[in-house]
Amino acid sequence: MASLGRHIIVEYYDCTPEILNDVTLIQESMEGAAEKAGATIINSTFHHFSPYGVSGVVVIEESHLAIHTWPEYGYASVDLFTCGESVDPWVSYQYLKDAFEAGHGSAVELKRGEMALLSKKAFDIQQLRDDKSADDGSPIRTKDVWFTERDDKIALSLKHDGKLYDQQSDFQRVEVYNTQAYGNMLTLDGMVMTTEKDEYVYHEMITHIPLLTHPNPKRALIIGGGDGGTAREMLRHEGLDEVVMVEIDDKVIEACKVHLPSIASALDHPKLNLIVDDGIKYVKEAAAGSFDVVVVDSTDPVGPAEGLFSVEFYKEVHRILSDNGVMITQSESPRFNNKVFKEIYQVYGSIFGNERVHCYLAYIPTYPTGMWSFSYSAKGDAHPLKGFDREKSRKFSEVHDLSYYNESIHESAFALPNFVKKMINK
Ligand code: SPD
């Protein structure tokens, strides 16, 4: 053998974009390519990036296979590096070409570690031996597959054991991952929406703050909220006569009923009027003064939710609120989406009046930066803190065995750090 290793640098063009964006499929294909070529896998690590792209590596006893994909260009760049005689990297090359449905592939082979240029050094092999192997001496195989949500500066990664649901709806890509730390997790267009283990923070905070401070809420409206968490929390309030929920995407409802049943548990509740339609249209057509509480449980302001962040929409929400009505929205992260965050509060202030708009915070580990905000805008005199009935809130939290909300959290959530106050002129 003339060299220690063979390194094939590969380009795959005109591949199927959906395949190149599917982290699980790519991880399986890369592992399959290693096995087919006769390699012994030790570890694999794969990341999906939001909105597109996968990077990963399979470490084999005989070196590694690495990949980076650009689904939007149908392009993948792959390194196949093997050493020894037992593995043929060209077998992996052909295997991956088929797996990615590449229209065209090109590859160059480099010899790594030319024997003619090498000479053996003396060293104590015992000291270099890795003790992380099984009793029989074989390496222990591990696998890491990661979902990553990121912008160009910050990323949040969650390790998962695979995807349970994956559908392109008319509006967005709906996926459910089985994460190791946070249980099943819903993502829309690659952005984390909710997870089984920390959903209670968001859903308790978006509902109980308005419903425990509005003087007498009878009719409530949820715009979005297809996972069902907001409806589940609202329906704990027995004084409500009706909760209307308008979700645009029936695939979100379907995915959550099957894979996030603890969150979707109230979607068949008799007091819930669940409508699959465009929330913007619903609000436009609703009668003036017809709701006491409106909760906008939206995704981030991209894709189908964009219109839910417009001045026109909020004016319509203001119109359909009753005299004492309260609008609550998820208002993004002051740290992550600071531009949107500022704009949101300017718009609410211009519609409801700045003194009737309040911001509160909660800590949600699976959202970018973990610091998340909600807005409370009152049409009339409802106020989140003035006249707040602590005892009623304490009892409510105790009776329903809530996991995040209680009377002290209610009050302290409105205490804002100075940098947040400054951003929204409070
Ligand atoms: N970046 C995450 C924003 C998610 C807001 N909506 C979550 C829906 C939960 N019902």
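User: How far is a nitrogen atom of the ligand from an N or O atom in the side chain of D297?

Analyst: The distance is 3.0 Å, between a nitrogen atom of the ligand and an N or O atom in the D297 side chain. Keep in mind that this is a predicted model.

D297 is one of the residues around the ligand. For H203, an N or O atom of the side chain is 2.7 Å from a nitrogen atom of the ligand. For D227, the distance from a polar side-chain atom to a nitrogen atom of the ligand is 2.5 Å.

Next come the helix pairs. Two packed helices are described by the angle between their axes and the distance between the axes. Helix α9 covers residues 311-320 and helix α10 covers residues 338-352; their axes come within 10 Å and cross at roughly 40 degrees. Angles under 35 degrees count as roughly parallel, and α9 and α10 are therefore oblique to each other. Their crossing is right-handed. On the α9 side, the residues in contact are V311, Y314, K315 and H318, and they meet V347, Y348, I351 and F352 of α10. Sorted by class, this contact has six nonpolar residues, one polar and one charged.

The second pair is helix α2 (residues 23-36) with helix α3 (residues 89-99), which pack with their axes 8 Å apart at an angle of about 150 degrees. Angles over 145 degrees count as roughly antiparallel, so this label applies to α2 and α3. The crossing of α2 and α3 is right-handed. From α2, the residues S29, M30, G32, A33, A34 and K36 take part, meeting V91, S92, Y95, L96 and A99 of α3. The classes in this contact are seven nonpolar, three polar and one charged.

Finally, there is the backbone. Most residues other than glycine have a negative phi. S63 is not a glycine, yet its phi is positive, at about 125 degrees. S63 is found in strand β4, which covers residues 63-70. D401 is not a glycine either, and its phi is positive at about 50 degrees. D401 sits in the loop between α11 (390-399) and α12 (407-412).

Methods. Residues are numbered from 1 along each chain as its sequence is written. This is a predicted model: local features need pLDDT of at least 70, side-chain atom pairs count only at pLDDT 80 or more; totals for chains, interfaces and linings use all residues. Side-chain values use heavy atoms; hydrogens and water are left out. Axes are lines fitted to C-alpha atoms, for helices over the stretch in contact, and angles run from 0 to 180 degrees between N-to-C directions. Helices (H or I, at least four residues) and strands (E, at least two) are DSSP runs, numbered from the N terminus. Angles under 35 degrees count as roughly parallel, over 145 as roughly antiparallel, 65 to 115 as roughly perpendicular and the rest as oblique. A crossing is left-handed if the near helix is turned anticlockwise from the far one by less than a right angle, and right-handed if clockwise. Contact means heavy atoms within 4.5 Å. Ala, Val, Leu, Ile, Met, Phe, Trp, Tyr, Cys and Pro count as nonpolar, Asp, Glu, Lys and Arg as charged, and the others, Gly among them, as polar. A residue is near a molecule or strand if one of its heavy atoms lies within 4 Å of it. A polar contact is a pair of N or O atoms within 3.5 Å; within protein, one must be able to donate a hydrogen and the other to accept it, and residues adjacent in sequence count only if both atoms are side-chain atoms.
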